[in-house]
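Hi there,

Here is the structure I promised to pass on to you. Please open it beside this email, and then read on for what turned up in it.

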Amino acid sequence: MPDFLPCTFRNRDSFPVRVYTEVYVRGLRRRSTYRAATLGGLFTNTVFGCINAAVMLALFAARPEINGYDAEDAVTQVFVCQALLGVVAVMGPPLELGERIRSGDVGTDLLRPVSLLGWWLAEDLGRASFNLLFRSAPILGAGALLFDLRLPGEAGRWLLVLTSVALAALVSFALRYLYEVAGFWLLDTRGVWAVMGVFGPVAAGMLIPLPLFPPGVSDVLRTLPWASIAQIPTEIVLGKDGLLGEGAAGGLLLQATWAALLLALGAWATSRATRRVVVQGG
Amino acid sequence: MADTSFRQAADSVLWPLRSYLLLARTWMRAQAQYPVSLLLTALGTGLAAVSEILAVLVVFDHAGVLAGFTVAEGLLLAGTANLAFGCADLLMGAVERLGVHIRAGSLDTMLVRPVPPLVQLATDHFALRRLGKIVPAAVTTGAALHLCDIDWTLGKVLMLPVLLVSGTAVAASVWVAGACVQFFATDSRDAANSLTYGGQALTEYPLAIYAKEVVLAVTFAVPLAFVGWQPVLYLLDRPDPTGLPDALRLAPPLVALVSCAAAALLWRLGLRHYRSTGS
């Protein structure tokens, strides 16, 4: 262990854990500075929730049941999705890593004695935690005040929902990390975001619930990792069976599998990139 | 003598327009240097517009008829609303970055140049990729006009472009008015999004599906009803299912004038209130 580090970091075993914890806390605290932006986002998500809910209510007034969904299910999905938008950031903002790869600042990041993926994961989870507390909770509360939502009653099911949201945050981070790591080869990831910023929310079930798509399309989208970001957490809120059946367990299993696969892919892509690609000069 | 004062008057009216075109062309030429990037971002924007129209199709496909509107009529509404918002976004969308300019101090630079600051703000990074939003909306509108059972008269043919221009003007005023709030609260961009992008989402579907208060608000307070809803009622000769007077459907040009004037007034008020950050 280099001796220029502060003494709190000198314990070899707890060193990475301490760093990640500090990065996480700073990621969380950094967001708490932008109060007006948080309030603005909260307001916008609630307005969009109300508009989408009105569309769903009109649709289900014409057809009371579509592929196992009723009006209350659909309105609940609308608000769960708006509440998750700040946590999973599928429509942006992108991780700052992309800009650092483009400018060459990532060279500094790579000098750090912790993994690149771990550092940005800790930072992003800090951001997600802040948004969960100060955006998701109020949006869902506003939705429950204005509309009839099908929310779980018992604490045990809320625990399952929280687990599912945590896994959603992991899957969404892994995807956004891959979008940015592509920058080692592409240099500019705005094109990736231009496509994924649209495809992501649609495939997650945020534009309209996935069961409303034609059966073939719906089945494909529910297998893809984006479904883990919003569709599966919603199914767990509603107490519905997902693609794998078995209630919440099936959904959590699919999410955990995607999280593990994509994070492993992210780690592999990072090692490939840092070995083979010359970092942009600053 | 009278001739020169006439020329001066004409110049003062035409100068904002000419400077707008000049600045927009400069930015377009800059973007043309990166054709692949321009094409990809335009495709991305187009993809977003197409996915929204597809969502409207999925909803109408399940519902059959929504608030008395068939699929084709629903597409006409979504198409015209998206077309007007798309054009407004292309022409005026950049004003939403006002807060960024205030923080960076670049608004001060704009204020000392001999070009109207609103023109400079609207043309800053003039984003040609937004054509990606206009093209699918125009195609949808065209197809829907063909599919809908419209009783074409000379009046309707003449009114169609007037209604589209009025809708664009109303949407552009909403954009400017939303941006002006940033003079007073620099961080209000996200909140203004609920008016601009939210307004677009709201007007994609028949207004009759929303609560009566919402319909009244978007008719008389923030006149989003005149972007797509009232024009489509006029084209289809449909009585207003929300029970508002039928005469309103002839109002879009007037509403456009009033909302442009209101937005201009707000802009002046904001500019007068503005104190530089000093950086």
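P93(A) sits in the loop between α3 and α4 (97-103) of chain A. (Helices are DSSP runs of H or I with at least four residues, strands are runs of E with at least two, and both are numbered from the N terminus.) The peptide bond that joins G92(A) and P93(A) is cis, with omega about 0°. In chain B, look at H125(B), in the loop between α6 (117-123) and α7 (131-147). H125(B) has a phi near 50°, a positive value in a residue other than glycine. For background, most residues other than glycine have a negative phi, and most peptide bonds are trans.

Before you go further, please note that this is a predicted model: local features need pLDDT of at least 70, side-chain atom pairs count only at pLDDT 80 or more, and totals for chains, interfaces and linings use all residues. Residues are numbered from 1 along each chain as its sequence is written, chains are lettered from A and ligands numbered from 1 in the order in which they are written, and side-chain values use heavy atoms, with hydrogens and water left out.

Next, helix packing inside chain A. Two packed helices are described by the angle between their axes and the distance between the axes. (Axes are lines fitted to C-alpha atoms, for helices over the stretch in contact, and angles run from 0 to 180 degrees between N-to-C directions.) Helix α3 (residues 71-88) of chain A packs against helix α7 (residues 155-181) of chain A at about 50°, and their axes are 10 Å apart. This makes α3(A) oblique to α7(A). (Under 35 degrees counts as roughly parallel, over 145 as roughly antiparallel, 65 to 115 as roughly perpendicular, and the rest as oblique.) From α3(A), L84(A), V87(A) and V88(A) meet V165(A), A168(A), A169(A), S172(A) and R176(A) of α7(A). (Contact means heavy atoms within 4.5 Å.) By class, this contact of α3(A) with α7(A) has six nonpolar, one polar and one charged residues. (Ala, Val, Leu, Ile, Met, Phe, Trp, Tyr, Cys and Pro count as nonpolar, Asp, Glu, Lys and Arg as charged, and the others, Gly among them, as polar.)

α3(A) also packs against helix α6 (residues 116-146) of chain A, at an angle of about 160° and with the axes 7 Å apart. That makes α3(A) roughly antiparallel to α6(A). Their contact divides into eight nonpolar, five polar and two charged residues.

Now for the place where the two chains come together. How many residues of chain B are in contact with chain A? There are 25 of them, and they touch 23 residues of chain A. The area buried between chain B and chain A is about 2,100 Å², and carbon and sulfur atoms give 78% of it. (Buried area is the accessible area, with a 1.4 Å probe, that two parts lose on being put together, summed over both.) On the chain B side, H62(B), D187(B) and S194(B) lose the most area to chain A, together 25% of what that side buries.

Helix α2 (residues 35-62) of chain A and helix α9 (residues 189-203) of chain B pack across the two chains at about 15°, with axes 8 Å apart. α2(A) and α9(B) are therefore roughly parallel to each other. Among the residues that meet here are F43(A) and F48(A) in α2(A), and Y197(B) and L202(B) in α9(B). The contact of α2(A) with α9(B) has nine nonpolar, six polar and one charged residues.

Last, a look within chain B. M92(B) belongs to helix α3 (residues 71-92) of chain B. M92(B) and T168(B) are 76 residues apart in sequence, yet 9.9 Å apart in space, C-alpha to C-alpha. Not counting residues up to four places away in sequence, M92(B) touches Y20(B), A122(B), A172(B), W175(B) and V176(B).

Happy exploring!
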